[in-house]
Amino acid sequence: PFISPYSDFSALRPGTAEKEKHACAVVHEMLSLTVEKRTLVDHLTHFREEFRFSQQLRGMLIRHPDMFYVSLKGDRDSVFLRDAYRDSHLVEKNILEEMDLVLFN
């Protein structure tokens with residue numbers, strides 16, 4: 001079980017399984033708030049200080065393939081929220097984007 005991303009994490013020691021569980025929950029929550037349910041790994045590292053993410057953030061994402069998919073295509077790595085996709089298609093598309101397609105096509 002993962003630790004709530006909203007819980008107080010000040011007592012969690014770096015390098016412990018509990019700290020990694022909390023970090024996974026935080027990244028999961030952050031990705032779930034994005035439109036495409038993905039972002040660049042580099043963008044997540046900008047939050048390293050606030051959430052006390054490990055220096056090996058990319059490694060943590062790769063260690064949890066049930067939650068995250070890390071794409072190595074292109075110049076920079078992208079991370080996808082695995083449960084937001086079925087095959088390579090986003091399960092819940094952005095309603096505003098769909099409305100734009102209807103209105104402007």
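Two strands pair if DSSP finds at least two bridges between them. With that in mind, here are some close-up views of this predicted model.

**View 1. Strands β2 and β3 are joined side by side.** Let's begin with two strands that run antiparallel, β2 and β3 (residues 78–81), which are joined by four bridges. Which residue of β3 is the bridge partner of Val-70? Look for Val-79, which takes that place in β3. Now follow the chain through the hairpin of β2 and β3, where six residues sit between the strands. Among them is Gly-74, with a positive phi near 85°.

**View 2. Three strands make an open sheet.** Stepping back to the sheet, you meet the strands in the order β1-β3-β2, and the pairing is antiparallel. Which strands are at the edges? They are β1 (38–40) and β2 (68–71), and each of these pairs on one side only. From one strand to the next, the twist averages 20°. Helix α1 lies across β1, β2 and β3. Its direction is at about 85° to β3.

**View 3. The largest pocket is lined by 13 residues.** Closest to its centre, among the lining residues, are Pro-14, Gly-15, Lys-19, Phe-53 and Ser-54. Which helix gives the most to the lining? That is α1, with four residues. Both α1 (17–32) and α4 (57–63) supply at least two residues each. If you sort the lining by type, you find five nonpolar, four polar and four charged residues.

**View 4. Two aromatic rings form a tilted pair, Phe-9 with Phe-51.** A pair of aromatic rings is described by the distance of the centres and the angle of the planes.

How values were computed. Residues numbered from 1 in each chain as written. Predicted model: local features only at pLDDT ≥ 70, side-chain atom pairs only at ≥ 80, totals over all residues. Heavy atoms only, no water. 1 Å grid on protein atoms, 1.4 Å probe; cavity = no way out; pocket = protein on both sides within 12 Å on 5 of 7 lines; lining within 4 Å. Nonpolar A, V, L, I, M, F, W, Y, C, P; charged D, E, K, R; others polar. Axes fitted to C-alpha atoms, helices over the stretch in contact; angles between N-to-C directions. Contact = heavy atoms within 4.5 Å. Phe/Tyr/Trp six-rings, centres within 6.5 Å; stacked < 30°, edge-to-face > 60°.
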